[in-house]
Amino acid sequence: MADTYVAEPDLGFIKEVGALGGADLKKCYQCATCSVACPISPDNKPFPRKEMIAASWGLKDKLISDYDIWLCHNCGDCNTRCPREAKPGEVLGAIRAYAVGEYATPKALSKAIANPKMLPVLLAIPAVIILVMGFIFNSFGLNWLNFSIPAGGEIWQANFIHNYLVDIIMIPTFFGAIAVFALGLKRFLADMHAQAVADGKAKDEKIDFGKVGQAVVSTVLTIIKHNKFSECGENKERSTAHMLVLFSFIGLFIVTNCFFIAEWVLHIEGPYSQLNPVKWLGNAAGVALVVGGILLLRNRMTKKDQASSYWDWYLVGLVLVLGLTGMLTQMARLAGMAGISYTLYFVHLIFVWSLFAYTPFSKLAHLVYRTAAMTYAEYTNRQ
Amino acid sequence: MTEENVAPASDSILVVGGGISGLTTAIEAAEAGYEVFLVEKNPYLGGRVAQLNQYFPKQCPPTCGLEINFRRIKDNSRLKFFTLAEVENVTGSPGNYDVSVKITPRYVNANCTCCGDCADACQAEIDNEFDFGMQKIKGAYLPFEMAFPSRYVISPQIIGTEDAQRCQEACQYDAVELDMEPKTMNFNVGSIVWATGWQPYDAAKIDNLGFGQHPNIVTNMMMERLAAPNGPTKGKIVRPADGKAPESIAFVQCAGSRDENHLPYCSYICCMASLKQAMYVRERDPDAKIYIFYIDMRAPGQRYEKFYQQAKDDENIFFVKGKVAEVNEDADTKNITVVAENAVTGEKIQQNVEMVVLATGMEPTTATAKLPADLNYTDEGFIINDFENGGMFAAGCANKPADVVSSNQNATGMALKAIQTLVTR
């Protein structure tokens, strides 16, 4: 053979993929049923058969830069058809989890977030930050963290933890996460493009940014409409859950920004009237988040043939806790239960901070990598 | 131990199943001087082999091999066989088994000359299981022209109808006996060999391969009948939908075999069977294109490898490494598009063909109906040979998927095992 390829197997990678939910990988005998069973796999170099052999050979570098792993929506059609019960869908999910960890910095945080034993530590971090920052500002006489709220007065979260304190902690965290994503994405895009050119999936090495723009628009539309989900045979119901969670996050992001402007620019203090349209959106999104979270949970609980690892449960848990603590804080406030409302609010803030800080390291990072991969697939006209 | 010196209560052997394995065990044991009873549930001997068009790799007709065995049976007074016979109950221990066998009436006695007058007189038609329902036959029929025993059968489906009367009246030899009753026979034997064989896996269970939904998708055993000169089309390979000779055929290997959702094991013969059937088509139509979709081609041994090489050298036989996982029918032409990923090139292939043959695997008959004896089975239903305990043995495909050659070797070995049971006690 003219062009020889020297495989460099990474045995540790094979083990990790197994631990992340791809334990049946080695049962695969390369019959390629999965590539045909997959409703969204392209005709040219379809997945996941080639990923299955690359993974069992431990070709880590080839796989984490393979954007096909992100085109998979883990609908499970391949798992059902697989004659070996090798669960290609789960293996691809495990490779994605591994890839997220590889592209995120610092690596130590990636490891911690994938490890259930580290969860208490990870949740303690925001709690400590809020308390320490609060005490620091208090020592300057700002009194942004107030444990002695007189009973009987109006219940308002900001009386306990001032919105300025929340924002001073959350905003840098948010942008920190964006920075981690930016670093990871930069490497991912470079690797992905190089691999695609090498594999012949991308024709031109030069990037046409005009075309990239068009690809972004059509990919965002595909995501919003959940087109890929509805092509799946098995697990179609996941589409609804995903839609609810995605739209509620978008809604809550809009609401947060509106109230941020109200607070910092217009200096309108809460609590805001329930008749306020922004509040409507906030409540609707909150309910959608809880319902979406319950559906995610139910789908994972009832789907016996689909393996669910800590990696998956982390995200389901985060969605549910965020939605529940948020909604219950408000309900307790309206019901006049000050202590409960303030406690829930503190818990809610811990999870909001975790959402921001840990997203680039967790399953939720798919929002960046999958979008990038789908855009790139659209750009290279992958069919 | 004193037990070893005790003569067995019986020095006869019972062989269950008159296919190629059962015939071999029975004849070998009888020719070695032992009394053998052979029971077969069908009205004829020969089993699955009788349904084949040709054996691989020599491509000779199976009737040739069967005929020799039938000759040996006729010449051997120690071997007694019973057709339409099924074992109902087995009690006892090695050296001393009491077996009851139920004999279903044939309604035709030994006077039959195979003149066929009864079939001519009969008006009702029944499904022909021998041809997998691809044609109807009369309610009075000869299973196939080389059937042994060479005697007509009256189907229980027409018993009690006017047709049965017509058959009886038409027979000039008083061979039709409509008042034949089922009977039970009891045998005392020293050992039993179960050669209960196999059945084609039900292809309709493989729901993504379209069998039963699209007429031009057939199984490999149906293909044998289509190719056989005594089959429903007199040996013309044609599409069930319109009787057209297909110019392109796709063979789908591992249809249900090596599949945890169906048969988890390799059925051993299907690769060779498809290669053989590809040759059937190529002999008949020099321009026909054959596409064989496979996971791994299994052609064990030097002879089979040579056969495979012969197929590979044929420029009109294309091998595609990739399992077919989807089939689509064109509503107008009734052609089939099979979809697979070529794992060598990494391209998804949509191959349009005029006919599809599913290389369905073999399932032991004991997968669906357990035997009335104290036997152990694998999870898939194959009988596990317990040589420690002895007395009862499984031969051929009752024990594992096998071709005719290995079945014969195995069956000969089991004849010896059965004999050893008789003489060591």
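Reader: Why are helix α3 and helix α7 of chain A called oblique to each other?

Author: In this predicted model, the axes of α3(A) (residues 49-56) and α7(A) (residues 88-103) come within 10 Å and cross at roughly 60 degrees. Axes are lines fitted to C-alpha atoms, for helices over the stretch in contact, and angles run from 0 to 180 degrees between N-to-C directions. Angles under 35 degrees count as roughly parallel, over 145 as roughly antiparallel, 65 to 115 as roughly perpendicular and the rest as oblique. The two helices are therefore oblique. Helices (H or I, at least four residues) and strands (E, at least two) are DSSP runs, numbered from the N terminus.

Reader: What makes the crossing of α3(A) and α7(A) left-handed?

Author: A crossing has that name if the near helix is turned anticlockwise from the far one by less than a right angle, and is right-handed if clockwise. α3(A) passes α7(A) in the left-handed way. On α3(A) the contact is made by Glu51(A), Met52(A) and Ala55(A), and on α7(A) by Pro88(A), Val91(A), Leu92(A) and Ile95(A). Residues are in contact if their C-beta atoms, placed from the backbone, lie within 7 Å.

Reader: How are the residues of that contact divided by class?

Author: There are 6 nonpolar, no polar and 1 charged. Ala, Val, Leu, Ile, Met, Phe, Trp, Tyr, Cys and Pro count as nonpolar, Asp, Glu, Lys and Arg as charged, and the others, Gly among them, as polar.

Reader: Why are α11(A) and α17(A) given another word, roughly parallel?

Author: α11(A) (residues 163-199) and α17(A) (residues 338-358) pack at an angle of about 25 degrees, with their axes 8 Å apart. That angle is under 35 degrees, and the helices are therefore roughly parallel. Among the residues making the contact are Phe174(A) of α11(A) and Trp353(A) of α17(A). By class, this contact has 10 nonpolar, 1 polar and no charged residues.

Reader: What are the domains of chain A, and where do their bounds come from?

Author: Domain 1 covers 11-103 and domain 2 covers 109-379; such bounds come from an automatic or database domain assignment. Their C-alpha centres lie 27 Å apart. The contact takes 24 residues from domain 1 and 32 residues from domain 2 of chain A. On the domain 1 side, the largest share, 6 residues, comes from α7(A). That side has 10 nonpolar, 7 polar and 7 charged residues.

Reader: How do you know that the radius of gyration of chain B agrees with a compact globule?

Author: The radius is taken over C-alpha atoms, and the globule rule is 2.2 Å times the number of residues to the power 0.38. For 425 residues the rule gives a value near 22 Å; chain B has 23 Å, which agrees. The secondary structure of chain B comes to 9 helices and 24 strands.

Reader: How are the residues and chains labelled, and which parts of the model count?

Author: Residues are numbered from 1 along each chain as its sequence is written, while chains are lettered from A and ligands numbered from 1 in the order in which they are written. In this predicted model, local features need pLDDT of at least 70 and side-chain atom pairs count only at pLDDT 80 or more, whereas totals for chains, interfaces and linings use all residues.

Methods:
Contact = placed C-beta atoms within 7 Å.
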